[in-house]
Amino acid sequence: MEFENLKCFNPSECISGKVMRLNRITAKVFRKYLMPFNITDSQLSTLFVLTKKGGLTQKQLSNIVQLEKSSLNRNLKRLFDKNYLSRADFPTIQITHLGKSFVNDIIPEWKKAMDEISELLGKDGKTALNLVHTQLIK
């Protein structure tokens with residue numbers, strides 16, 4: 001038969017599809033809380049990393065946040081335009097005082113999103129998520 005492969009696959013078992021659906025569900029919850037701040041999950045992750053790690057090169061930042069170069073460039077441009085980041089010590093990118101203030105202000109809403117997702121996942125779900133994350137980040 002011409003379409004023999006169509007008999008033996010099950011798209012509901014696709015790992016990529018499951019991960020993408022989980023990402024959309026999670027992103028929807030976070031968007032609800034972050035919308036008033038006009039920032040995306042990826043931009044916020046970048047600010048969080050720079051808040052905790054200090055200055056990083058774009059390559060180091062890309063490796064940590066797991067964004068492709070073009071996506072990271074778009075996010076960085078928006079964050080530079082808002083004066084949340086600085087290139088004063090090029091090639092190192094640093095978070096500015098304004099950026100730290102912004103992160104400080106957004107944390108209560110971020111915590112609400114974290115609480116909502118944590119409640120949906122439950123203890124076992126969070127444990128499973130941490131295990132999957134550890135396995136894939138190696």
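1. Basis. This is a predicted model, in which local features need pLDDT of at least 70 and side-chain atom pairs count only at pLDDT 80 or more, while totals for chains, interfaces and linings use all residues. Residues are numbered from 1 along each chain as its sequence is written, and side-chain values use heavy atoms, with hydrogens and water left out.

2. Cysteines. A disulfide is a covalent bond between the sulfur atoms of two cysteines. With the rule that the two sulfur atoms lie within 2.5 Å, the count is zero disulfides. The closest cysteine sulfur to that of Cys8 is in Cys14, 14 Å away, so the pair is too far apart for a bond.

3. Exposure of the cysteines. Buried means under 20% relative accessible area, exposed over 50%, and partly exposed in between (1.4 Å probe, protein chains only). Cys8 is exposed at 63%, whereas Cys14 is partly exposed at 35%.

4. Helix 1. Helices are DSSP runs of H or I with at least four residues, numbered from the N terminus.

5. Buried side of helix 1. Its buried residues are Gly17, Ala27, Val29, Phe30, Tyr33 and Leu34. Their cover includes helix 2 (41-53) and helix 5 (97-137).

6. Before helix 1. Phe9 lies in the segment before helix 1 and is partly exposed, with a relative accessible area of 48%.

Methods: Helices (H or I, at least four residues) and strands (E, at least two) are DSSP runs, numbered from the N terminus. Contact means heavy atoms within 4.5 Å.
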